[in-house]
Amino acid sequence: MRKITVRRTLDASLAERLTGDLNESQRAAVTAPPGYQLILAGPGSGKTRVIVHRVAYLIATGIPAGSIMLVTFTRRAAREMVDRLGALVGQDASQVWSGTFHHIANRLLRSSAEVLGYTPRFSILDSEDQLDLIRLAMDDAGLSDAGSMTPKPAVIRRLISLHVNLRRPLGEVVSEQGEAIARWRSEIEAVAAAFETRKKAADSMDYDDLLVNWDRLVREFPEERDRQAGRFRQFLIDEMQDANSLQVGVVESIAEAGSGCLTAVGDDAQSIYGFRGASADNILGFPQRHPGARVFHLDVNYRSTPQVVAFTRASIRNNRRGFPKDLVSALPAGPIPLVVAAQDGQEEAAFIAQEILEGRDRGTALSRMAVLYRSHHDGILIQGELLSRRIPYMVRSGQRFFEQAHIKDVTAYLRIIQNPRDLASWRRLLLHLPGVGAATSGAIAERLIQAPDPLAALESAETMALAPSRGKGYLAGFVMDLKRVRESDPVKNPAAAITAVMAGGYSSAIRLLYEHADERLADIEQFAILAAKYDSLERLTANLLLSGDLHAGDLEGDSGGQDAIVLSTIHQAKGLEWSRVFVPRLVEESFPHGRALDEPEGEDEERRIFYVAVSRAQHELILTYPLTVSRGGRGSFLARPSRFLLELDPGLVEWAEVGSEFDLGDSPPRPANSARDR
Ligand code: ATP
Ligand code: MG
């Protein structure tokens, strides 16, 4: 049948609305004719604005909203994009296929799952479910009893995920790990195979499977590929530097099979997901993969003051590799970035909290400020300080600190001493004993809390009889640990109680229970430092652990309509912006992160993370570092300021130091003066 295309001309007032507030190069990118486009530009230059306006423009020129795929890497960035689009095109925004790669893969797979041997109702495994299945798969492969050096389920999960996302054979990925892991190569391959079988039998996909199966649909089933190629007429990818080759590959092959219309947006200098297989090469290689692609550069920064732009530009120039981009700020001058030294982490946190309050007093809403840190535990002392000053905050770095499994474990010991009938804490800790599963821990816990003295009942012959033989020795150790914690007088001295917990079996159990044990141990150290401020366990729990009401719904990013400051890891802050940005803990080992420096190109990746952080600031950038850091029971050490501060021309920042003064009364110590007069 002959196809007739109706050409629509854009109504002049609509065209003005969609492109009027864009500069010339932005407008050229928004209105570019069909084909491949690459927008390669620095932070704050309007890349996301261009991509959102382009979607609106395409809809206005008659492309059905439902045939547009708008995709990005993190959930938060996706939400930001969809919100901006909604503001521009209203209802049509909901028709656009927008979201993360995983989100879109899931939607597409629902209608084609049967082709791959799943039902349309397949389940998606979260990371806990995934670990459960890996444990079973280890049993299947005969690995679980192979001795204490056996790779942990979480380690195997990470290796399988790397193999999938890097699109490289599992054996190769395993062989590149240290010898301790590499020698398990064939066993890990067997576990991976058993894991696949188990997932299939359970009609389940994990997150990586969503991508792999989408890719399989497109590569192995031409009719499926053609169906998708026919459905989508325009593809747009934001933050492409964070996507890996699997994600980019699948979208590009659908585009190639069909419309050949793909707009990619990104900044190689902001590529910070290398640990998940992302590579800036995906974006830098775009023109080679698509000869004839139009490339746009945007060179005006509309987000940040000239002072912030000068600072960020100088910093990233220290990286050896990278596509050069020079941005000019469109904003009026603002304060020069401030670098503040504090005596220690407590004082650093107190300074930040005080600055936040002063900022609010001067008229900046809390939601226009953010504290962005390198690692989740860098934010703990700050959370404590905000809580004790009743400053509402929202945590955007995964779980809230006090909801993390290992912190819940440690507090479970304290809670049992405080309230020996705390069923949940008993169950939680009993589950750590070898051979004890949900049923046994439940049965023992129920018995204990009905006994007149649960702690005594734990030692009884009846309890021992309930424990499986493998767990009996550990049960005796657990009894000892609890006694030690009780003797440390946790009710009056919670910090000592935490130290007592860590002197027992938990400090080695943590390595068997979880991945990233060192990070978790560092978290617990921070927890002990924070607890030292409290002379009663009850006050600690009330102040820190039960603050749920004030911050309910945090994980959803919802502070119940309350004005709240954002606490986030830098990785979760991609694409976002705040008027005042604080970056704490700028000392060597913390930022750049000690272990990251051992990786090839590790320093450059760390500097890109720093670059992403500082380029979130619109008006004020406040960088802080402690002069000393505590390493748990091992005392305080002098810290070295981060190389990211020292390598810069001193004229780009103002240096300051906090001095503390104690208030009378029971409020926590606070710096008497702000670091500078404003
Ligand atoms: P990042 O690399 O951090 O994701 P980006 O390049 O995507 O940054 P945007 O978030 O799109 O930048 O834009 C930064 C800010 O500048 C936003 O607040 C945006 O609304 C504003 N902006 C962009 N272009 C213009 C313009 N032409 N006029 C006015 N404001 C603009
Ligand atoms: Mg952006």
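**Entry 1: strands and pairing**

I began with a definition: two strands pair if DSSP finds at least two bridges between them. I also noted that strands of a sheet pair through backbone hydrogen bonds, either parallel or antiparallel. The model I am reading is predicted.

I then looked up strands β15 (residues 578-583) and β16 (residues 617-626). Five bridges join β15 and β16, and the sense is parallel. I picked out one residue facing another: Val581 stands opposite Leu621 in β16.

**Entry 2: the seven-stranded sheet**

Next I traced the sheet that holds this pair. What is the order of its seven strands? I read β13-β14-β12-β15-β16-β11-β19. The sheet is open, and the pairing is parallel.

Which strands stand at the edges? I found β13 (393-395) and β19 (654-657) there. Each has a single partner strand, so one side of each is left without a neighbour in the sheet. On average it is 20°, with direction ignored.

**Entry 3: around ligand 1**

I turned to ligand 1. Which residues come nearest to ligand 1? Of the 20 residues around the ligand, they are Lys47, Arg49, Gln270, Glu577 and Arg616. I sorted the shell by class and got three nonpolar, nine polar and eight charged residues. Helix α3 (residues 47-60) gives the most to the shell, with three residues.

I listed some polar contacts to oxygen atoms of ligand 1:

- A polar side-chain atom of Arg49 is 2.7 Å from an oxygen atom of the ligand.
- For Arg84, an N or O atom in the side chain lies 3.0 Å from a ligand oxygen atom.
- Gly46 uses its backbone: a polar atom there is 3.1 Å from an oxygen atom of ligand 1.

On its own, ligand 1 has 640 Å² of accessible area, and the protein covers 86% of that.

Domain 1 (12-110 + 210-298) and domain 3 (308-392 + 563-677) both give residues to it, so the ligand lies between them.

**Entry 4: two backbone details**

I ended with the backbone. Is the peptide bond from Phe591 to Pro592 cis or trans? I found it cis, with omega near 5°. I placed Pro592 in the loop between β15 and α29 (602-614).

I located His516 in the loop between α26 (506-513) and α27 (517-531).

Technical notes. Residues are numbered from 1 along each chain as its sequence is written. Chains are lettered from A and ligands numbered from 1 in the order in which they are written. This is a predicted model: local features need pLDDT of at least 70, side-chain atom pairs count only at pLDDT 80 or more; totals for chains, interfaces and linings use all residues. Side-chain values use heavy atoms; hydrogens and water are left out. A residue is near a molecule or strand if one of its heavy atoms lies within 4 Å of it. A polar contact is a pair of N or O atoms within 3.5 Å; within protein, one must be able to donate a hydrogen and the other to accept it, and residues adjacent in sequence count only if both atoms are side-chain atoms. Accessible areas come from the Shrake-Rupley method with a 1.4 Å probe; for residues, only the protein chains shown count as cover. Helices (H or I, at least four residues) and strands (E, at least two) are DSSP runs, numbered from the N terminus. Ala, Val, Leu, Ile, Met, Phe, Trp, Tyr, Cys and Pro count as nonpolar, Asp, Glu, Lys and Arg as charged, and the others, Gly among them, as polar. Domain bounds come from an automatic or database domain assignment. Axes are lines fitted to C-alpha atoms, for helices over the stretch in contact, and angles run from 0 to 180 degrees between N-to-C directions.
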